[in-house]
Amino acid sequence: MNYQPYDARTFFLICLFGWGPVVCDTQVLEQDIICEEHDAYIPPIEWTIKNNFTPSDLQSLKVKLGGSSEQSPTLNISWTISADGSIAILKATMIRIENLRNYMSHSFQCKYTQTFLTQTDPWNKQWEFYFSGFNAEPETHYYVSAFNIPTANIEGDPPTKSQTFKTPDCENDNVKYHEHCVSEGSLWEPNISSFFTGDEVEVVFTTSKHSLKYDILLFSCKKPSENLDNCEFLNMITAEFQANETRSTKRIKANNKDCEILVIQIVPYFHGCQSDCLRHAKHMDCKIESPTETTPKNPDKKESQLLIIAATLVFAILLVVSIYAVWKSGKTRRCLADSASNNCNGSPATVLIIYSLESRIFQKAVVAFAEFLQLHCRCKVIIDIWQTQKIAEMGQVQWLATQKETADKIVVICSNSAKSKWNSTSNPTAEDYTVSTALEDMYSLTLNMFSSDLKCPAALNKYMVVYFDEISTGKNIPPAFNFCKSYSLMKEIGKICKSMHGAPDHRFSQDTDTLLCSKFPRNKESTQQLRNAILELKEWEKSMLV
């Protein structure tokens with residue numbers, strides 16, 4: 001390998017005679033990567049160029065399973081760059097993924113958008129990047145390798161890091177949504193129920209749209225067991241249904257009426273596995289009687305008295321609960337209206353902030369808003385820029401899925417381009433192989449992950465949309481969030497602050513000075529910082545239009 005480590009004297013000469021602005025500048029660097037698919041069987045063009053200096057090998061390479069529920073699995077590949085002087089000549093990192101089952105290879109070239117000005121990131125840690133744009137197959141071994149560009153010269157040793165990773169089978173929650181697993185019935189839940197009707201067993205189960213044919217088998221077992229090794233086969237029928245995912249019924253002869261030992265097994269015929277698909281079995285539930293055999297019973301006098309007493313008790317309990325709820329509601333309203341410090345009982349609301357990274361000035365305003373929520377609104381704020389290390393360790397998808405579950409409120413901050421980004425995310429082109437792995441991609445990923453929630457009216461109360469007045473308007477809100485409550489900063493800051501705890505909008509004033517904790521002198525600084533950050537953003541927006 002041609003790279004020669006820099007000692008202190010060499011580093012001083014580099015700073016003095018030419019590379020000073022590149023290696024020695026200590027300003028905070030905006031850094032991103034753009035990963036594009038590269039022909040795995042054609043060497044990168046950088047191999048044909050002789051270089052006087054080449055970057056160090058990667059410090060580390062990690063491979064994890066990415067993706068989430070209702071998405072196909074991906075390989076979440078992260079790497080750390082060595083913190084030394086050679087980072088100044090680092091242009092890109094090549095990632096090669098080989099499927100060891102069919103020996104198909106894929107390569108991705110991740111180019112760094114800026115020249116590295118510092119050996120560590122703004123948090124004084126080694127630069128770390130990640131790529132999750134490769135869809136993985138279930139139960140497959142992958143060989144993942146990575147090397148930096150410019151590559152070593154022909155006579156040198158190519159710097160490389162590698163990992164072998166095996167994806168789990170279709171029983172894994174993050175894999176069962178893969179097309180291959182779905183074709184083998186990974187999502188099918190038959191929910192079998194059964195009861196006797198004469199000398200037959202009536203079997204009711206939910207069919208799948210991926211299978212038209214089913215075998216229904218009946219066994220007699222000596223004792224309850226998860227397997228059928230010690231069971232005797234009694235009867236079998238084959239049934240065909242329309243693929244409509246409905247509850248379907250079939251009857252099968254059962255000469256043995258000893259319900260305790262009967263087991264029903266359903267064998268589907270999915271396209272991916274035919275007769276060798278996962279089977280579902282269930283013991284007969286002897287407590288369930290056939291609907292045709294159930295006759296109503298006339299309650300006697302004693303039973304009637306018990307029913308009356310039970311109904312009276314239920315009514316009394318409901319009355320007490322209703323009175324308590326009204327009293328509690330009034331107390332909560334008084335607490336929200338009168339407490340200047342928002343010092344009501346209860347834990348702080350956990351708030352997840354999602355935003356589109358338009359610029360560092362826009363991000364500065366978002367961070368100022370996050371700090372304001374923590375100081376004024378008794379909120380525990382989760383935002384990507386404060387958890388970059390966790391994102392790198394867990395991957396974007398897993399991090400977002402975890403925060404979604406823990407958050408009481410999810411706040412989406414919209415910019416001028418929020419709607420256009422949503423449209424591009426909702427309508428990707430098949431020819432687009434570019435994958436952005438910066439924090440700004442968190443916005444598009446969030447919209448895709450959370451869009452299913454927005455179709456459920458019960459989940460809408462968890463989501464809020466915020467936009468900066470005089471910079472963007474309600475017209476910039478993506479269509480998916482039209483049914484969520486939207487607020488304007490700074491005009492409606494009071495409503496935003498109080499609605500984090502579920503209080504109704506009509507209880508608040510829109511005056512930005514009447515905040516929950518405005519009497520605390522220690523919080524006035526953060527309020528002014530938020531105003532200044534928004535003013536700075538407005539000035540920047542105006543300058544961009546000139």
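Student: Does Phe 108 count as buried or exposed, and what is its relative accessibility?

Tutor: This is a predicted model, so every value we discuss is computed from predicted atoms. To read burial, we look at how much of a residue's area remains accessible, and a residue under 20% counts as buried. Phe 108 has a relative accessibility of 5%, and it therefore counts as buried.

Student: Which aromatic pair does Phe 108 form, and how are the planes arranged?

Tutor: For two rings we read the distance between their centres and the angle between their planes, and an angle over 60 degrees counts as edge-to-face. The structure holds 16 aromatic pairs. In one of them, Phe 108 and Phe 134 lie 6.4 Å apart from centre to centre, with 75 degrees between the planes, and the pair is edge-to-face. Phe 108 belongs to strand β5 (residues 105-112) and Phe 134 to strand β6 (residues 128-135), so the pair ties together parts that are 26 residues apart in sequence. Phe 134 is buried as well, with a relative accessible area of 9%.

Student: Why is the pair of Trp 188 and Tyr 214 called tilted?

Tutor: The label follows from the angle, because planes under 30 degrees apart count as stacked, those over 60 as edge-to-face, and the rest as tilted. Here the planes of Trp 188 and Tyr 214 stand at 35 degrees, with the ring centres 5.8 Å apart, so the pair is tilted. This pair, too, links distant parts of the chain, since Trp 188 sits in the loop between α3 (179-182) and β9 (193-197), whereas Tyr 214 is in strand β11 (residues 213-221), 26 residues apart. Trp 188, at 6% relative accessibility, counts as buried, and Tyr 214 is buried with a relative accessible area of 0%.

Student: Which residues form one aromatic cluster?

Tutor: One such cluster is formed by Trp 79, Tyr 112, Phe 116, Trp 127 and Phe 129. A ring can also have a charged side chain over its face, as with Lys 213, which lies over the face of Tyr 269 at 4.5 Å from the ring centre.

Student: How many salt bridges does the structure hold, and which residues are linked in a network?

Tutor: In a salt bridge, we look for a side-chain nitrogen of Lys or Arg within 4 Å of a carboxyl oxygen of Asp or Glu. The structure holds five salt bridges, and Glu 200, Glu 202 and Arg 251 are linked in a network of them. Arg 251 meets Glu 202 at 2.8 Å, N to O, and this pair joins strand β13 to strand β10 across 49 residues. Arg 251 also meets Glu 200 at 3.7 Å, N to O, with these two residues 51 residues apart. Arg 251 counts as partly exposed at 41% relative accessibility, whereas Glu 202 is buried at 13%.

Student: With which residue does Glu 492 form a salt bridge?

Tutor: Glu 492 forms a salt bridge with Lys 495, and their closest N and O atoms are 3.8 Å apart. Glu 492 counts as buried at 15% relative accessibility, and Lys 495 is buried with a relative accessible area of 14%.

Note on methods. Residues are numbered from 1 along each chain as its sequence is written. This is a predicted model: local features need pLDDT of at least 70, side-chain atom pairs count only at pLDDT 80 or more; totals for chains, interfaces and linings use all residues. Side-chain values use heavy atoms; hydrogens and water are left out. Helices (H or I, at least four residues) and strands (E, at least two) are DSSP runs, numbered from the N terminus. Buried means under 20% relative accessible area, exposed over 50%, partly exposed in between (1.4 Å probe, protein chains only). Rings of Phe, Tyr and Trp (its six-membered ring) pair if their centres lie within 6.5 Å; planes under 30 degrees apart count as stacked, over 60 as edge-to-face and the rest as tilted. A charge sits over a ring if NZ of Lys or CZ of Arg is within 6 Å of the ring centre and within 35 degrees of the ring normal.
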